[in-house]
Amino acid sequence: IEKVSTYQKQSLIIIGGGYPTYEPEDALKYLEKGIVVIGEGEDTVKRILKIYKDSKFDLEKTYKTIENLEGVAIKNNGFLEKPKKDFIEDINAIPFPAHEYVHYSDILYGRFNARPTHMDRKTAVMTTSRGCPCKCIFCGVPSFWGKTIRFRSPENVLAEMKLLYEKYQIRHFIFNDSNFTFDRNRAKIICRKIINSGMDIKWCSPDGMAIWTFDKELVDLMLESGCYAFSVGIESGNDKVLRKVLQKPMSLKKMKEKIKLLTRFRKKIYISGLLMLGIPYETKDQMTDTINLAYELELDWYEFAVTLPYPNTPLWDICIKEGYIDEEQDMSDVKFLHSYIETPEFSANEVKEIAYNANINVNFINNVNYVKYDIDRALEDFRKVSSRYPGHLFAQYMIYKSLLKKREYEEAEKMKNQLIGI
């Protein structure tokens with residue numbers, strides 16, 4: 001934003017995305033004049049550009065007229081924010097992205113620790129739904145995309161997939177939805193259509209599918225249609241924190257039943273669990289419950305996220321009300337996996353240390369595939385982490401341990417020498 005500020009006197013500067021939506025005034029601090037499009041942007045940007053054109057590209061007239069729009073924040077001799085109220089009801093009506101301008105051979109996507117595993121295939125990222133009606137206090141989706149979930153039809157989704165498959169030779173799809181399976185029947189129809197299309201593809205969904213949506217038929221169809229990996233939102237291993245604090249619409253007992261169903265497919269699919277530590281009102285014992293749940297569920301990998309409050313979420317409001325974060329925190333400087341919440345129960349540094357130790361102990365030293373199920377899968381994970389983070393000592397140590405376990409002594413000796421060098 002600071003770099004484009006040099007053009008603000010002769011150009012209309014429009015900013016969009018997560019950070020500007022949640023903190024528009026902060027995002028505009030580098031500009032004397034500028035506009036933030038709040039949340040969903042297609043219709044708003046079209047209206048802004050029409051106003052700009054109709055004003056014969058007069059910046060002052062444009063800013064003055066845009067003050068009447070909803071879903072924008074404007075900096076022009078002061079700051080004005082107009083909250084977004086209306087969202088696009090029929091998202092099938094939104095044209096496909098201009099794929100001809102995307103260099104698909106350059107797309108690399110690293111979730112599932114260092115996965116996906118099919119990056120040798122040309123990859124495209126797709127979103128097939130917007131919004132969420134759930135009341136999870138930490139989630140920024142409702143304030144960005146709205147509190148009503150809107151779906152693209154299975155026919156619309158398949159049309160774009162076929163275009164990407166046939167014209168751009170895409171063979172690996174990442175569904176970037178907040179919850180691809182929220183409508184279980186729609187997800188099943190999409191899977192069936194992929195199967196019937198004859199497309200030879202692989203796909204994954206890294207942003208956390210809702211556990212309550214799964215049944216055996218859905219998982220079978222996902223596998224047959226090319227799904228090889230997905231994440232599930234677990235959040236906490238303590239029922240009180242899960243239901244009373246986070247407002248998750250599922251009990252711990254029901255969650256465990258669903259995870260048990262999913263782990264029956266462990267040889268065919270890679271499942272990552274998303275967990276949170278350092279939640280307001282949480283105790284250290286309750287954090288331990290979450291770590292113990294990770295051991296119990298036996299998923300392939302876990303993301304132990306330090307709880308990070310986003311502006312315009314209930315979690316942010318709780319933290320401000322209780323004095324758990326600094327209201328003046330510069331959100332442009334916030335770093336993922338860094339802790340900012342301080343409560344009577346824990347300090348930010350304590351949470352960061354708990355999350356670090358949980359990651360090392362659960363994902364590396366006691367990795368369920370290394371200890372019990374699939375040494376080759378564990379070794380693949382350790383190698384990918386090491387490739388992505390060359391200085392990750394525990395990843396390299398577990399590569400060495402895995403090679404010993406596989407009795408690949410020559411390779412293990414090379415790894416040992418590399419460790420000694422470090």
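Biologist: Is the crossing in which α6 passes α7 left-handed or right-handed?

Modeller: α6 passes α7 in a right-handed crossing (right-handed means that the near helix is turned clockwise from the far one by less than a right angle, left-handed anticlockwise). Before going further, a word on the background. This is a predicted model, with residues numbered from 1 along each chain as its sequence is written, and local features need pLDDT of at least 70. Side-chain atom pairs count only at pLDDT 80 or more, totals for chains, interfaces and linings use all residues, and side-chain values use heavy atoms, without hydrogens and water.

Now to the packing itself. Helix α6 spans residues 154–168, and its axis lies 9 Å from that of α7, at an angle of about 35° (axes are lines fitted to C-alpha atoms over the stretch in contact, and angles run from 0 to 180 degrees between N-to-C directions). On the α6 side, the contact is made by P154, E155, V157, L158, M161 and K162, and they meet R186, I189, I190, K193, I194 and S197 of α7 (contact means heavy atoms within 4.5 Å). Sorted by type, the residues of this contact are seven nonpolar, one polar and four charged (Ala, Val, Leu, Ile, Met, Phe, Trp, Tyr, Cys and Pro are nonpolar, Asp, Glu, Lys and Arg charged, and the others, Gly among them, polar).

α7 covers residues 184–197 and α8 covers residues 216–224; their axes come within 9 Å and cross at roughly 30°. That makes α7 roughly parallel to α8 (an angle under 35 degrees). The crossing in which α7 passes α8 is left-handed. Here R184, A187, K188, C191, R192 and I195 of α7 meet E217, L218, L221, M222 and E224 of α8. The residues of the contact of α7 with α8 divide into six nonpolar, no polar and five charged.

Let's zoom in on one residue of this contact. K188 lies in helix α7. K188 has a relative accessible area of 6%, so it is buried (under 20%, with a 1.4 Å probe and protein chains only). Leaving out residues up to four places away in sequence, K188 touches D215, E217, L218 and L221.

For another example of helix packing, look at α11 (residues 284–297) and α13 (residues 348–365), which pack at an angle of about 15° with their axes 11 Å apart. α11 is therefore roughly parallel to α13. Their crossing is right-handed. From α11, the residues K284, M287, I291, A294 and Y295 meet E350, V351, I354, A358, N361 and V362 in α13. This contact of α11 with α13 divides into eight nonpolar, one polar and two charged residues.

Y400 counts as buried because its relative accessibility is 18%. Neighbours within four places in sequence aside, Y400 is in contact with A412, M415, K416 and L419.

Finally, step back to the whole chain, which has 17 helices and 12 strands (DSSP runs of H or I with at least four residues, and of E with at least two, numbered from the N terminus). Buried residues make up 50% of its 422 residues. Among contacts between residues at least 6 apart in sequence, 68% join residues at least 24 apart.

Notes
Angles under 35 degrees count as roughly parallel, over 145 as roughly antiparallel, 65 to 115 as roughly perpendicular and the rest as oblique.
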